[in-house]
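Please open the structure in your viewer and keep the selection tool at hand, for this tour goes from one selection to the next and says what is there each time.

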Amino acid sequence: MNFAVFYLKILFSFCLIYNISMFKIALVDDSLEALDQLELFLVKFFVEKNVQYEINKFSHGFNFLDSLKNDYQLVFLDIDMPGINGLDIARKIRKVDTNVLIVFVTNMAGCAINGYEVAATDFLVKPIKKEQLYFCLNRCLEKLANTHYKKITIKTSDGYIALMEDKIVYVEVRLHSLIFHTIDSSHECYGSLKDLENVLSQNKFSRCNSCYLVNLNYVESINGDTCKLINAELPISRSKKKVFIEKFMKNI
């Protein structure tokens, strides 16, 4: 192999690392008093645990959704809110993020069963007791500690960029370049889909044809020879269709 080509392959390659980032939390409740009380409990807990954290508070569900960028580890949601309720917010969260932990906080105890629909981690009834919240938080920390957050580091023309695996919607190949399409951006680097398939989680990603590697968590529907994602519609080739649908169904 030509040395210059070999050097470029190293320079523009991608690698896989694992990372558990700062504990980033969103609190969504139309009661400012409830927000402040919950924040106070959380701050005390994380200080005692010596855990880095970042807390963002939202008194309106739509304001939270406008800021949602798939980067929270934990979301506390009040169910009974004007405009849009907590369950509807959770449904929208799950369309873009299957990993974030969701905890419902409400005085509507009868709604707890609905939390299974959105894979809620816990359900806290107001007024929140510190012991109950701490038990919930310990469970959340344990879940996060046992979860590997895969991060792909790629070399683009602008420098190195780290991409969380679960933020990649699909990857497109053009000649010798890979284009990573995320929820809100795209990035290009040197590489091949074959090499990338060995890096990403094979149970979460699958080719719909020779040009696209798709994150199955973002597939909204498969209609005939078309795969609909949250931000694109991609063709499914005859040779890839059977395996793609099988992996999609297993992922569900």
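**A tour by selection**

Begin by selecting Phe58, which counts as buried because its relative accessibility is 12%, where buried means under 20% relative accessible area, exposed means over 50% and partly exposed is in between, with a 1.4 Å probe and protein chains only. Before going on, note that this is a predicted model, in which local features need pLDDT of at least 70 and side-chain atom pairs count only at pLDDT 80 or more, while totals for chains, interfaces and linings use all residues. Residues are numbered from 1 along each chain as its sequence is written, and side-chain values use heavy atoms, with hydrogens and water left out.

**Aromatic rings**

How many aromatic pairs does a search of the whole structure find? The search finds eight, counting rings of Phe, Tyr and Trp (its six-membered ring) as a pair if their centres lie within 6.5 Å, and calling planes under 30 degrees apart stacked, over 60 edge-to-face and the rest tilted.

Phe64 is buried, with a relative accessible area of 0%.

Next select Phe104 and Phe123, whose ring centres are 6.4 Å apart and whose planes are at 55°, so the pair is tilted. This pair links distant parts of the chain, since Phe104 belongs to strand β5 (residues 101–106) and Phe123 to strand β6 (residues 122–125), 19 residues apart; strands (E, at least two residues) are DSSP runs, numbered from the N terminus. Phe104 counts as buried at 1% relative accessibility, and Phe123 counts as buried at 15%.

Now select Phe23, Phe45, Phe46, Tyr53 and Tyr134 together, and you will have a cluster that is linked by ring pairs.

For a charge over a ring, select Lys24 and Tyr72: Lys24 lies over the face of Tyr72, 5.2 Å from the ring centre, the rule being that NZ of Lys or CZ of Arg is within 6 Å of the ring centre and within 35 degrees of the ring normal. Lys155 lies over the face of Tyr160 in turn, at 5.8 Å from the ring centre.

**Strand β13**

Move to Val214, which lies in strand β13 (residues 212–215) and counts as buried because its relative accessibility is 0%. Which residues cover the two faces of β13? Tyr212 and Val214 are on one side, Leu213 and Asn215 are on the other, and all are buried.

Show strand β9 (residues 168–174) as well, which pairs with β13 in the antiparallel sense over three bridges; two strands pair if DSSP finds at least two bridges between them. Val214 is the bridge partner of Tyr170. Strand β12 (residues 205–209) also pairs with β13 in the antiparallel sense, over four bridges, and the two form a hairpin with two residues between them. In this pairing, Asn209 stands opposite Tyr212.

Leaving aside neighbours within four places in sequence, Val214 is in contact (heavy atoms within 4.5 Å) with residues including Val169, Phe205, Leu229 and Phe244.

**Cysteines**

Finally, look for disulfides, pairs of cysteine sulfur atoms within 2.5 Å: the structure holds zero. Cys140 is in no disulfide, and the nearest cysteine sulfur, that of Cys136, is 4.2 Å away. Cys140 counts as buried at 0% relative accessibility, and Cys189 counts as buried at 3%.
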